[in-house]
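My notes follow in the order I made them.

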Amino acid sequence: MIQFSKHILSNGLRVIVHEDHSLPTAVLNILYDVGARDENPEKTGFAHLFEHLMFGGSINIPVFDEPLQRVGGVNNAFTSNDITNYYDQLPSNNIETAFWLESDRMLSLAFSEKSLDVQRNVVMEEFKQRYLNQPYGDTQLKLRPLVFKTHPYRWSTIGKELAHIEQAEIGDVKAFFKKHYNPLNAIMVIAGDINTQNMLVMAEKWFGSIPSGEKYNRHLPVEALQSEPRQETVHADVPLDAIYMAYRVVARLDPDYYATELLTDILSQGNSSRLYVELVKNKNLFSEIHAWMSQDLDPGMLIVEGKIRTGVSVAQAEAAVKAELQKLVLEKPAEKELTKVKNKLESSMVFSELNLLDRAINLAYFELIGDASLVNKQLEKYLEVTPEKIQQTAASIFSDKQCSVLYYLKNQLEVSDTGQILDAPQNDVVNV
């Protein structure tokens, strides 16, 4: 059970304090309620770009890292389609340094053409290296718009295309910051060897005078139910054919979320999972295969992805995957099998609670989706899932008409009559 107290400053900033005196360390975590889903479809990648810009310094602090490093601290951040999260870890007696740094960049982030130029180039290089210039790197860039036609989940966190980052202008950046990076749109968690009352005094001192900003109300388009199967084929210079099968699943707060995650674990958690045993070990159809869910706040995806062994046809591999999925539709899992994945999940959740940073991040996240106290109720929701519920959930998900498939096929070399290797066909994807 994670103990905490919750407070709201007059400007709307939600402040959560969690005391843990086991070690002389502390974490200050700020979650901003903004992700890739909040971007203009013609100007994507801004949430992730801001993750970089926020480390470029504020008006009063040219280099964000230096003051934190001088007091023994470290920091980092991450962006998803739903949120952007920043955190500082440092000795607890230096926690005020984190208050100073985070409040200053919330209030007065430095906007300059030079800073934008530097961070824009960094993000563009990341886009090229991680998404365009490595095998299978652009699968999400291809798969998301196949699954989502109207909802902003149709583009990845990195952005829809490189040009959107390349063409980002200072005016666009300032407007995005003003709209999303303010107390009304933030949740701050202070955790560790601290005193709650002292933290509230510091929160008021450093954040209380920051203008609250305007309330941002989302009006995101609702994705229509998929009524027919979708496919797309990509040819590229990759070592093995691969298949990516995506099914729509429920939103994070839907009661069926817990059964969906456990169902995914039954399929693909470890070397005793169904997909690995049947399709990798027994039938030797795949060199590797995984199933995972996107865990989005709005209805997201369950994806089965695998690298197909040489000599195995894509059609054979796809049919084998669908057969395994249908087993869960036709017959409920044994109680023993479900208990096994529940035990693994419970161990993982208990282990994560040992980490102070994980606790801070989780408190902020659950406060965002409803109430920080939900962090203490997750395990029981997973443990309540029955084999019958797993079967019902599988039946609601694994329908061919709700399946979107990306076939990622290796280029075939053309050979002349004399045996000479000719040029391979041009890739469908640039710079793969």
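Strands here are DSSP runs of E, at least two residues long, and helices are runs of H or I of at least four, both numbered from the N terminus. Residues are numbered from 1 along each chain as its sequence is written. This is a predicted model, where local features need pLDDT of at least 70, side-chain atom pairs count only at pLDDT 80 or more, and totals for chains, interfaces and linings use all residues, while side-chain values use heavy atoms, without hydrogens and water.

I then followed the pairing, for which DSSP must find at least two bridges between two strands. E7 and strand E11 (residues 403–410) run parallel and are joined by seven bridges.

Next I looked up the whole sheet. It is open and mixed, with five strands in the order E7-E11-E8-E10-E9. Strand E7 (230–236) and strand E9 (286–293) are the edges, each pairing on one side only.

Helix H5 (residues 139–147) lies across E7, strand E8 (242–248), E9, strand E10 (301–308) and E11. Helix H9 (residues 257–268) also packs on the sheet and touches E9 and E10.

Last, I took the chain as a whole. I found 15 helices and 11 strands in the protein chain. Its C-alpha trace spans about 75 × 55 × 40 Å along the principal axes. Of its 432 residues, 54% are buried, meaning under 20% relative accessible area with a 1.4 Å probe, protein chains only.

Note on methods. Contact = heavy atoms within 4.5 Å. Axes fitted to C-alpha atoms, helices over the stretch in contact; angles between N-to-C directions. Buried < 20%, exposed > 50% of the residue type's maximum accessible area, 1.4 Å probe, protein only.
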